Amino acid sequence: SSAPQPMKLVFNLLPLLLLSSSPHRVEPFAVPAVSFHVASQSLKRPSLRIFQPSRSPRRPEGLKSFACSLVPNLECVQNIRDLSSVTNSPVKPGRVFRTACVGTASESDACLIVENIKTLIDLRSEKEYGMDSVKYNSSVWQQYDDLIYEVKKSKTGKPKALIPSSPAKEPMRARHMLSVIDEAIYKRGVFKRMSLRKKIKAGIYRAVSYTKARSFFIEYINNAGLPLLNELILDYGGPSIKAVMQVLSDRANHPVAFYCTAGKDRTGLIAMLVLSVLGVDNEAIVNDYVLSDDVYANLGDKNAMVGALRQEQLDPEKFLRAPRAVMEQTIKLLKEEYGGAAKYLESIGFGPDEVKKLRVALCDD
């Protein structure tokens with residue numbers, strides 16, 4: 001005979017309640033490997049190489065190189081700037097750039113990027129990669145070899161690090177696919193932060209309707225705002241962040257540009273960690289972050305993702321802007337929960353020796 005309705009409800013709730021057994025704060029890496037496994041089988045298909053132009057981007061006459069300016073003037077790529085342009089930054093000009101997605105590049109932009117950037121770091125989710133062939137029509141990615149990463153697990157089975165699935169070839173231009181957050185991380189992270197009452201409610205919604213359960217989670221995310229996004233990246237994105245730092249620490253990869261969709265939040269968090277560990281003061285870091293305040297307005301793309309989520313589901317005043325309070329709160333959280341940027345990086349396996357190597361790579365002549 002079928003189980004009574006209350007018993008069915010318990011069965012539906014059990015997986016969710018088991019997930020909630022750990023404290024509110026979770027240690028880095030305490031997620032299933034699939035959350036970090038940007039090197040999934042779907043990304044290994046030939047279709048990943050999205051654009052197949054018959055030739056490389058043609059260099060228009062009179063086009064200047066990045067070396068002419070700390071802030072390259074591109075036609076279509078938004079929100080690009082050199083980390084050396086931040087007040088009191090010790091980073092040498094021309095080594096590391098932060099930017100919005102380079103998929104919007106015009107032919108002139110693509111030529112500039114290919115000639116001046118050896119390595120791209122793509123922080124977006126696999127879902128975002130999958131939409132590139134529909135959203136963008138640029139030849140820029142065709143000029144880079146995609147490096148897919150695989151999960152290296154610790155003895156306990158937890159994700160410990162991400163390693164390239166194939167060795168890099170020299171010399172080469174490469175795009176490192178290093179997603180720092182996706183929808184699965186949102187679900188897990190939000191659920192852990194809910195009260196028991198809300199967990200039960202979420203379980204009931206999940207048993208009844210996926211759409212209703214998702215709306216319940218989105219409501220929580222909207223109430224929490226961008227600080228939650230940064231908190232989840234810090235909590236769950238350790239292996240990807242470590243891999244990003246390792247790429248930046250190797251002079252053979254320079255010049256490097258890292259980006260997400262708008263170059264605001266995921267990109268801003270990476271920039272904050274790099275600048276902070278190099279000794280840049282918090283005020284300068286916050287001032288750099290707010291330069292991205294109008295990037296979504298400039299993009300004019302209502303389908304552009306925000307932290308791996310669709311923007312039409314999110315509160316635009318909370319998620320499409322870059323207010324000072326967001327970065328200030330994130331820096332405060334980093335200090336209170338981890339002891340600062342250096343201690344955080346050490347907690348994910350990027351210790352003092354690695355930080356020294358990063359400093360040498362970015363700051364020494």
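**Exercise 1.** Find which residues line the largest cavity, then sort them by class.

*Solution.* Start with the list: Arg-124, Glu-128, Met-131, Asp-132, Lys-135, Tyr-136, Thr-261 and Met-305 line the largest cavity (lining means having an atom within 4 Å of a cavity point). Next, sort them: three are nonpolar, one is polar and four are charged. In this sorting, Met and Tyr count as nonpolar, while Asp, Glu, Lys and Arg count as charged.

Before going on, note that the model is predicted: local features need pLDDT of at least 70 and side-chain atom pairs pLDDT 80 or more, while totals for chains, interfaces and linings use all residues. Numbering runs from 1 along each chain as its sequence is written, and side-chain values use heavy atoms, without hydrogens and water.

**Exercise 2.** Work out how the rings of Tyr-205 and Phe-216 are arranged.

*Solution.* First, check the distance: the ring centres are 5.3 Å apart, and rings pair if their centres lie within 6.5 Å. Then take the angle: the planes stand at 75°, so the pair is edge-to-face (over 60 degrees). Now locate the partners: Tyr-205 is in helix H6 (residues 196–208) and Phe-216 in helix H7 (residues 210–224), so the pair links parts eleven residues apart in sequence. Helices here are DSSP runs of H or I with at least four residues, numbered from the N terminus.

How values were computed. 1 Å grid on protein atoms, 1.4 Å probe; cavity = no way out; pocket = protein on both sides within 12 Å on 5 of 7 lines; lining within 4 Å. Phe/Tyr/Trp six-rings, centres within 6.5 Å; stacked < 30°, edge-to-face > 60°. Helix = DSSP H or I, 4+ residues; strand = E, 2+ residues; numbered from the N terminus.
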